[in-house]
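Student: I would like to go through this structure and ask what stands behind each label. Please set the values against the definitions as we go.

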Amino acid sequence: MDGPEGSTGHPGPADRSHRSSVSSVGARAADVLVYLADDSIVPLAMENLPSLSAHELHRAIREVLQLPDIALDAFALWLVSPLLEVQLKPKHQPYKLGRQWQELLLRFTDAPDDDVAMDEPSLQFRRNVFFPKWRELQIHDKEVLRLLYEEAKGNVLAARYPCDMEDCEALGALVCRVQLGPYQPGQPAACALREKLDSFLPAHLCKRGHGLFAALRGRGAKTGMGEQGLLNAYRQVQEGADSDSECEASLSPHYRAYLLKCHELPFYGCAFFHGEIDKPAQGFLHRGGRKPVSVAISLDGVHVIDCREKHVLLGLRFQELSWDHTSPEEEESVLWLEFDGDNEGTPVNKLLKIYSKQAELMSSLIEYCIELSQAAEPAASHEAGPTSASGSLPPPHQRPQLRRQGSVVCSRIQHLSTIDYVEEGEMIKRVKPKRSTSFFSRQLSVGQGSYTVVQPADSLEQG
């Protein structure tokens, strides 16, 4: 069996505990339940289910939902449970993979045996990791836009996509417009927001207690911003000239506006993986431990996200990194990321060690994303035109990047425990830590690899 294309150890926004996508199995036919991003279900009566491919199921879903041809590329079938997510290749057979689910869990997760025995995947129709954003800008079908919007909204509300407060408010305002209709002065909009605030903003930004937003978590949040900021953003949502609040088609511009805002997030459309990194050493004995992280991989690059603090620790485009992985047979399963940095002002190579049983999957996905990006670059430059009056964005290389001071999407390399090294001749030498009394410093043994290493300066202290 070929390896899955994308997986994660984190439950996603559309996850369901122990639900099945096969409701009944007969001699010839079975009722297959396919879950959409908005929690609705598409039941399919399929014959010869055990031998049915993901491509054939995909076609059946498109026919039922009456989706245009672009949906073939925009969406993929996923097997999803609280323990693992797998994007299926067209040739994969979902039924057979479902029967092998426990084997996948044992291979790619650290879940306890009891959880593995109880876990059961559901079949979900979700965005294809390999669908480029510039093609998403060309979509006009309202149902395709709605499905993409619902999935993006779920990732924002679940804080899988870390966002600064001002971006959360802008995105939440568009959700208000979709769910509550146009803002009407004089109507009790504040009451509607207050009653279901967590439908518009991530839960960690809208704690209910003695007052709404009494406790704001996250480094990107500013004190004093809350429900009023969302209300102000709701007021500013623009309506089209031919907008009709009772017409479903009028929501398409708002779906598109939500997606365009999400395109500013460097990890939009990624696959998520579970891992751990070493914490920076603290105290006299340099005790650290490990920190859980999400590794988000897309066509644009790799981002390491702090699961607890809801912010990016490291963001790298593919041209900014080298990588490798070690298998469990060699040692603990690890994904290595190498990137340029400095040690007290001196250029060095930095190595980040990500512990994960999904290291092999991540390494394969990085390699494939690079191949796709290189192949799609000429097509993107020709087909993705400049900004138009309809609200399309320019090609990816022209899009503005978020560069706010302290933004949750900016790298926090100072929060990482990395191995810093330089090369002198044929020898790899690690840069000494500030405290040379550390009992736990590890010597990096670099063997084969294609890394471009930094040459040492004469004044660099080496060990």
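Tutor: Contact means heavy atoms within 4.5 Å. Among contacts in the protein between residues at least 6 apart in sequence, 65% join residues at least 24 apart. This is a predicted model, in which local features need pLDDT of at least 70 and side-chain atom pairs count only at pLDDT 80 or more, while totals for chains, interfaces and linings use all residues. Residues are numbered from 1 along each chain as its sequence is written, and side-chain values use heavy atoms, with hydrogens and water left out.

Student: How many helices and strands are there, and what makes a stretch count as one?

Tutor: The protein has 12 helices and 15 strands. Both are DSSP runs numbered from the N terminus: helices are H or I with at least four residues, strands are E with at least two.

Student: What share of the residues counts as buried, and what does the word require?

Tutor: Of the 463 residues, 49% count as buried. Buried means under 20% relative accessible area, exposed means over 50%, and partly exposed is in between, with a 1.4 Å probe and protein chains only. Leu44, placed in strand 3, has a relative accessible area of 5%, so Leu44 is called buried.

Student: What makes Arg146 and Asp38 a salt bridge?

Tutor: A salt bridge needs a side-chain nitrogen of Lys or Arg within 4 Å of a carboxyl oxygen of Asp or Glu. For Arg146 and Asp38 the N to O distance is 2.7 Å, and the pair is a salt bridge. Arg146 lies in helix 7 (residues 142–157) and Asp38 in the loop between strand 2 (29–35) and strand 3 (41–47), so the pair ties together parts that are 108 residues apart in sequence.

Student: Which of these two residues is buried, and which is partly exposed?

Tutor: Arg146 has a relative accessible area of 15% and is therefore buried. Asp38, at 26%, is therefore partly exposed.

Student: How many salt bridges does the whole structure hold?

Tutor: A search finds 18. One of them joins Glu150 and Lys153, at 3.1 Å from N to O. These two are 3 residues apart in helix 7, which means that about one helical turn separates them. Glu150 and Lys153 are both buried.

Student: Where do Arg290 and Glu332 lie, and why does their pair count as a tie between parts?

Tutor: Arg290 lies in strand 8 (residues 290–298) and Glu332 in the loop between strand 11 (322–326) and strand 12 (334–343), so their pair ties together parts that are 42 residues apart in sequence. The closest N and O atoms of this salt bridge are 3.0 Å apart. Arg290 has a relative accessible area of 32% and is therefore partly exposed. Glu332 is partly exposed as well, at 40%.

Student: Which residues do salt bridges with shared partners join into one network?

Tutor: Asp38, Glu143 and Arg146 are joined in that way.

Student: How do you know that the span of helix 7 agrees with its number of residues?

Tutor: The expected span is 1.5 Å times one less than the number of residues. The 16 residues of helix 7 should therefore span 22 Å, and the end C-alpha atoms are 22 Å apart, which agrees. Helix 7 is called mostly covered, with 13 of its 16 residues buried. Just after helix 7, Ala159 takes a positive phi of about 65°.

Student: What makes the pair of Asp420 and Lys350 a polar contact?

Tutor: A polar contact is a pair of N or O atoms within 3.5 Å; within protein, one must be able to donate a hydrogen and the other to accept it, and residues adjacent in sequence count only if both atoms are side-chain atoms. The side chains of Asp420 and Lys350 make such a contact at 3.1 Å. The side chain of Asp420 also has a polar contact with that of Thr418, at 3.0 Å. Asp420 lies in strand 14 (residues 419–424), and its relative accessibility of 9% is why Asp420 counts as buried.

Student: What is the place of Arg62, and which side chain of opposite charge is nearest to Arg62?

Tutor: Arg62 is in helix 1 (residues 54–65). The side chain of Arg62 does have a polar contact of 2.8 Å with that of His58.
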